[in-house]
Amino acid sequence: VTCSAYRRSGLFDEAEDLWRDLITEARRNRDLAREADFLTALALLKGDKGDLRGSLSMRMQAHDIYARLADSNYVLSLTNLARAHAELYELDRAQLLADRALVQCDPDASLWLAHIHYTLGLIAYRKNEPRAALHHLDVVLQIELGAAGALNEVVIDAHRARAWSYRSLGAT
């Protein structure tokens, strides 16, 4: 909780130190599931700090642990990897990972599906595929509206994709 509060407050160095302490403790206790969770959180922090390669490295470590444990978070970690590759404009790799996550995701895991479609929308957006981006972002909106979730980031991106799509199709 403290790490998350530090991150939200922009106290990245303090949060990173605490996450590293928690990772060390999880390793000492041989608690692989917590280690993977903490690595994922540290990866998000590194992304916030602009260390995209460091973020990818942490996400890969977490993904490897989830795979070894056959943990249900494996699918979400595929999406996290896809997002990291998309942030680095490694779009083919990002697409492959996100597609794999979509195929392996439980259809009843709506929040995970929303996360996957959001990632696919961002990948399509970066690949200059406005219709695909808009499709995926609309799927996210449908899922999150059905779940009464928070829509701020998705709505903004969907509006951007819609405007971009209309411009690319020659509409005013």
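Axes here are lines fitted to C-alpha atoms, for helices over the stretch in contact, and angles between N-to-C directions run from 0 to 180 degrees. The model is predicted. In it, the axes of helix H3 (residues 32-48) and helix H4 (residues 52-69) come within 8 Å and cross at roughly 160°. Angles over 145 degrees count as roughly antiparallel, so H3 is roughly antiparallel to H4.

**Overall make-up**

- The protein has nine helices and zero strands.
- Read from the N terminus on, the order of elements is α-α-α-α-α-α-α-α-α.
- The protein has 172 residues, of which 41% count as buried.
- Among contacts with a separation of 6 or more, 51% are accounted for by residues 24 or more positions apart.

**The H3-H4 pair**

- The crossing of H3 and H4 is left-handed.
- On the H3 side, the contact is made by Leu-32, Ala-33, Glu-35, Ala-36, Asp-37, Leu-39, Thr-40, Leu-42, Ala-43, Leu-44, Lys-46 and Gly-47.
- On the H4 side, the contact is made by Leu-52, Gly-54, Ser-55, Met-58, Arg-59, Gln-61, Ala-62, Ile-65, Tyr-66, Arg-68 and Leu-69.
- By class, the residues of the contact of H3 with H4 divide into 13 nonpolar, five polar and five charged.

**Lys-46**

- Lys-46 is placed in helix H3 and is one of the residues that make the contact with H4.
- Lys-46 counts as buried because its relative accessibility is 10%, and the cut-off for buried is under 20%.
- Apart from neighbours within four places in sequence, Lys-46 is in contact with Glu-16, Arg-20, Asp-51, Gly-54, Ser-55 and Met-58.
- Of these partners, Gly-54, Ser-55 and Met-58 are also listed among the H4 residues of the helix contact.

**Ser-55**

- Ser-55 lies in helix H4.
- With 0% relative accessibility, Ser-55 therefore counts as buried.
- Not counting residues up to four places away in sequence, Ser-55 touches Ala-43, Lys-46 and Gly-47.
- Ala-43, Lys-46 and Gly-47 are among the H3 residues that make the contact with H4.

Notes. Residues numbered from 1 in each chain as written. Predicted model: local features only at pLDDT ≥ 70, side-chain atom pairs only at ≥ 80, totals over all residues. Heavy atoms only, no water. Helix = DSSP H or I, 4+ residues; strand = E, 2+ residues; numbered from the N terminus. Parallel < 35°, antiparallel > 145°, perpendicular 65-115°, else oblique. Left-handed = near helix turned anticlockwise from the far one by under 90°. Contact = heavy atoms within 4.5 Å. Nonpolar A, V, L, I, M, F, W, Y, C, P; charged D, E, K, R; others polar. Buried < 20%, exposed > 50% of the residue type's maximum accessible area, 1.4 Å probe, protein only.
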